[in-house]
Amino acid sequence: LHYQGFQGSHLAYKADGYVGNNSAVFPLQLLGYDVDPINSVQFSNHTGYPTFKGQVLNGKQLWELIEGLEANNLLFYTHLLTGYIGSVSFLNTVLEVINKLRSINPKLTYGGSIAATAKITPVLLVIVLEIFLSVCDPVMGDEGKLYVPPELVSVYREQRLLACAGFVTWGTKRIFLSVCDPVMGDEGKLYVPPELVSVYREQVVPVASMLTPNHFEAEQLTGFRIVSEQDGRKACDILHSAGPSKVVVTSINVDGNLLLIGSHQKEKGQSPMQFKILIPKIPTYFMGTGDLMTALLLGWSNKYPDNLDKAAELAVSSVQALLLRTLADYQIAGYDPQSSSLEIRLIQSQDDIRSPEIKYRAEAY
Ligand code: ATP
Ligand code: PLP
Ligand code: MG
Ligand code: NA
Ligand code: MG
């Protein structure tokens, strides 16, 4: 536990850092969801700091958690979200689990009424893992730096499957949506092992129903550079053809500003409904915003399944209110907000998360 105020001159080094589950769970809870987080890594602080220490969950340990849930008939979740993955063994275990379950019931599909199958554990397990697959945030790195072991990248790329890092789940009775934030990097840098990229591209993206890459991750997944708004839209088209019906490129850097591009393909093969939200860029590097953004997109999309633009307006408006508060609080405390990456003021922004005032509008293309 950490006191949420500022800590003297070590402001930038306080607390564990709001990334991953720290950034995603609280907002989902505020939006009314029950969330069971599994931490794939437990670090002293996030990897944006000069150094970090801690533990990485391995596949065997993940499997033990799944076994425990299954033994108690608790392995029933409607949504899964994955993020930063710290170890190859973790990915491999998830892969094995999926294979095993698919061999039990190869015809399984998900969607529709799960309640009817709720008592058949193997089926449920597959459903859960299908969702699991489809909500992968393939966290690998940012700004050219991997922040997971390099061997992970090929696991993502060459083997089948997927990542589960901050994996959050909650328990209503129907599956509406599953979200993959393909966390790999930012601003030109990979922060996961390079081998993860192809696993995300070839195995994970195809099973995601919603994908929330940043600029860099969209380039990694599509294989072409995005230098314009048009390129961003094209990236969404390519990603739709790979699988997900909803794609939100959470930020594209164009002309010194940020552009969110959303794209909802309501029917396979049809041209998607696309929109953009212009976001004035704050000249500060924040961490945890991607995890927060994905959590909010998931939470709001579940409430407005046919209005991705509305979900995005709500999510962006919350995030911007939070970032502006973060900036103001640091300035009030006497810090230069450009000097280091700032810890987001999450707890302090709960009203903006629960009921954001929409100040950022989606413009349809
Ligand atoms: P992260 O860098 O935390 O991994 P990401 O790169 O996955 O995040 P981004 O698209 O960079 O995700 O950020 C998510 C959202 O956070 C953006 O849509 C935007 O609303 C907001 N955001 C992030 N950084 C800034 C900034 N410097 N100025 C304004 N908004 C920002
Ligand atoms: N998760 C963990 C544990 C991290 O250390 C980081 C970055 O350092 C991330 C996730 C990436 O978070 P985001 O994409 O929200 O910036
Ligand atoms: Mg970013
Ligand atoms: Na993102
Ligand atoms: Mg991210």
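This is a predicted model: local features need pLDDT of at least 70, side-chain atom pairs count only at pLDDT 80 or more; totals for chains, interfaces and linings use all residues.
**View 1. The sodium ion (ligand 4) and its two coordinating residues, T212 and T250.**

**View 2. Burial of T212 and T250.** Are these two residues buried or exposed? T212 has 1% relative accessibility, so it counts as buried. T250 counts as buried too, because its relative accessibility is 14%, and the cut-off for burial is under 20%.

**View 3. The sodium ion (ligand 4) beside the magnesium ion (ligand 5).** A separation of 4.1 Å lies between the two metal ions.

**View 4. Polar contacts of ligand 1 with N214, G290 and Q320.** Here you can pick out an N or O atom in the side chain of N214, 2.7 Å from an oxygen atom of ligand 1. Q320 also uses a polar side-chain atom, 2.9 Å from a ligand oxygen. G290 takes part through a polar backbone atom, with 3.1 Å to an oxygen of ligand 1. Of the 610 Å² of accessible area that ligand 1 has on its own, the protein covers 93%.

**View 5. The shell around ligand 1.** By type, 10 are nonpolar, eight polar and three charged. Strand β12 and helices α9 (289-303) and α10 (308-332) each give two or more residues to this shell.

Key. Residues are numbered from 1 along each chain as its sequence is written. Chains are lettered from A and ligands numbered from 1 in the order in which they are written. Side-chain values use heavy atoms; hydrogens and water are left out. Donors are N, O and S atoms within 2.8 Å of the metal (3.2 Å for Na, K and Ca); water is not among the atoms, so sites may look incomplete. Buried means under 20% relative accessible area, exposed over 50%, partly exposed in between (1.4 Å probe, protein chains only). A residue is near a molecule or strand if one of its heavy atoms lies within 4 Å of it. A polar contact is a pair of N or O atoms within 3.5 Å; within protein, one must be able to donate a hydrogen and the other to accept it, and residues adjacent in sequence count only if both atoms are side-chain atoms. Accessible areas come from the Shrake-Rupley method with a 1.4 Å probe; for residues, only the protein chains shown count as cover. Helices (H or I, at least four residues) and strands (E, at least two) are DSSP runs, numbered from the N terminus. Ala, Val, Leu, Ile, Met, Phe, Trp, Tyr, Cys and Pro count as nonpolar, Asp, Glu, Lys and Arg as charged, and the others, Gly among them, as polar.
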